[in-house]
Amino acid sequence: MLIGEVARRSGVSARMLRHYESLGLVRPSGRTGSGYREYSGEDVRRIFHVESLRAVGLSLREIGRALDDPGFTPADLVDDLIRRTRERIAAETELLIRLDRVHATDPAGWEDVLQVLAVLRALGSPSAGARQRAALAPVDEVPVEALVEAALDERDPVVAGALRWALARSGGSAALLAEGLGSPEPEVRERAVRSLAELPGDEAVALLRDALTHPDAVVRGRAALALGARGEAAATPVLVDMIVTGSNDTDAADTLSVLAGDDAAADRIASLLVGRIGDGTTEPPARGRLTQALAGIPGPTASRALTDLVGDADRAVALTATYLLRLRGDG
């Protein structure tokens with residue numbers, strides 16, 4: 001077949017076929033009497049081999065090695081190709097995300113586009129100061145998805161605080177932050193619940209309520225502290241658990257005292273504390289912390305419990321109860 005026929009059947013242009021010949025990839029087996037290139041069936045098959053290898057991303061140099069080196073083993077080359085492909089996909093995915101975030105701000109002109117791009121670059125800067133300044137930018141210049149991603153990744157406590165503040169004023173970030181609660185990384189889960197805790201609105205409260213049953217005790221505790229500060233009684237059992245385990249137990253006790261704002265709530269909380277004190281499985285240090293927590297709970301139930309604990313077999317618990325009764329004027 002002449003070069004024009006080969007080009008028509010293979011879909012490879014005559015110009016590219018000549019380029020392949022100049023590189024030594026595919027040489028026509030013969031020439032006509034007039035000097036025209038003439039390709040054999042084997043030549044055409046080699047053309048298709050070249051095109052197939054190009055389609056998976058091999059360079060022409062790599063294709064030449066693959067076709068001409070009888071000792072060539074493709075495993076290493078394919079591994080390298082996989083690595084390069086993944087890098088390219090990651091780079092293009094990052095570009096797509098950046099474009100989506102620019103588009104979400106509905107830029108009116110190129111100045112707006114450039115401003116958003118500058119903020120996005122700053123959020124990913126190695127400089128903590130640059131990241132903090134980006135978090136403090138006008139809310140319409142910072143895509144909320146970028147803020148959430150930055151907040152979940154941020155390790156600097158000052159910048160993290162600025163990002164949480166930015167999220168609180170941005171609105172619409174609660175559902176995105178909730179996705180962070182499912183992260184396999186404990187640090188990301190904690191950052192997610194801390195950010196949710198500072199968001200206003202019913203959506204954030206609902207997500208924090210759901211987090212009270214999260215398998216991560218740190219997430220449960222952060223959610224309980226945030227909900228308790230908002231007067232949510234549903235946080236009470238988790239706060240009591242925190243006192244038992246000694247995890248942020250002082251904050252948990254303070255929050256319980258806030259929740260004990262009326263007689264019914266005070267009696268309910270005191271009963272939960274007393275129940276855990278009397279639980280035969282509760283260790284002495286935990287019984288001591290539970291006794292101390294009764295200090296912030298008003299009402300007769302807490303007073304009766306402290307009176308009973310004055311005679312407790314655990315001397316530390318008995319002394320604590322005696323001291324607390326005196327402070328309450330009941331001793």
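Colleague: Where does Asp-43 lie, and what makes Asp-43 count as buried?

Modeller: Asp-43 lies in helix 3, residues 41–55; a helix here is a DSSP run of H or I with at least four residues, numbered from the N terminus. Buried means under 20% relative accessible area, exposed means over 50%, and partly exposed is in between, using a 1.4 Å probe and protein chains only. Asp-43 has a relative accessible area of 9%, so Asp-43 is buried. Before we go on, this is a predicted model, where local features need pLDDT of at least 70 and side-chain atom pairs count only at pLDDT 80 or more, while totals for chains, interfaces and linings use all residues. Residues are numbered from 1 along each chain as its sequence is written, and side-chain values use heavy atoms, with hydrogens and water left out.

Colleague: Which residues is Asp-43 in contact with, leaving aside neighbours within four places in sequence?

Modeller: Contact means heavy atoms within 4.5 Å, and on that basis Asp-43 is in contact with Val-26, Arg-27, Pro-28, Ser-29 and Glu-38.

Colleague: Why is Glu-21 called buried?

Modeller: Its relative accessible area is 19%, so Glu-21 is buried. Glu-21 is found in helix 2, residues 14–23. Not counting residues up to four places away in sequence, Glu-21 touches Val-26, Pro-28, Arg-31, Arg-37 and Tyr-39.

Colleague: And what makes Asn-248 partly exposed?

Modeller: Asn-248 has 37% relative accessibility, so it counts as partly exposed. The place of Asn-248 is in the loop between helix 14 (236–245) and helix 15 (249–259). Its phi is near 50°, a positive value in a residue other than glycine.

Colleague: Why can helix 14 be described as largely enclosed?

Modeller: Seven of its ten residues are buried, so helix 14 is largely enclosed by the rest of the structure. The buried ones are Thr-236, Val-238, Leu-239, Val-240, Met-242, Ile-243 and Val-244. Their cover includes helix 13 (217–229), helix 15, helix 16 (263–277) and helix 17 (284–293).

Colleague: How do you know that the length of helix 11 agrees with its number of residues?

Modeller: The expected span is 1.5 Å times one less than the number of residues. The twelve residues of helix 11 should therefore span 16 Å, and the end C-alpha atoms are 17 Å apart, which agrees. The buried residues of helix 11 include Val-188, Arg-189 and Arg-191.

Colleague: What makes a group of residues a nonpolar core?

Modeller: The members are buried Ala, Val, Leu, Ile, Met, Phe, Trp, Tyr and Cys residues joined through side-chain atoms within 4.5 Å. In the largest nonpolar core, of 71 residues, Leu-239, Leu-256, Leu-273, Leu-294 and Ile-297 touch the most other members. Helix 8 (residues 144–153) gives the largest share of this core, seven residues. A second, separate core has 16 residues, including Tyr-20, Tyr-39, Ile-47 and Ile-63. In soluble globular proteins, nonpolar side chains tend to be buried together.

Note on methods:
Helices (H or I, at least four residues) and strands (E, at least two) are DSSP runs, numbered from the N terminus.
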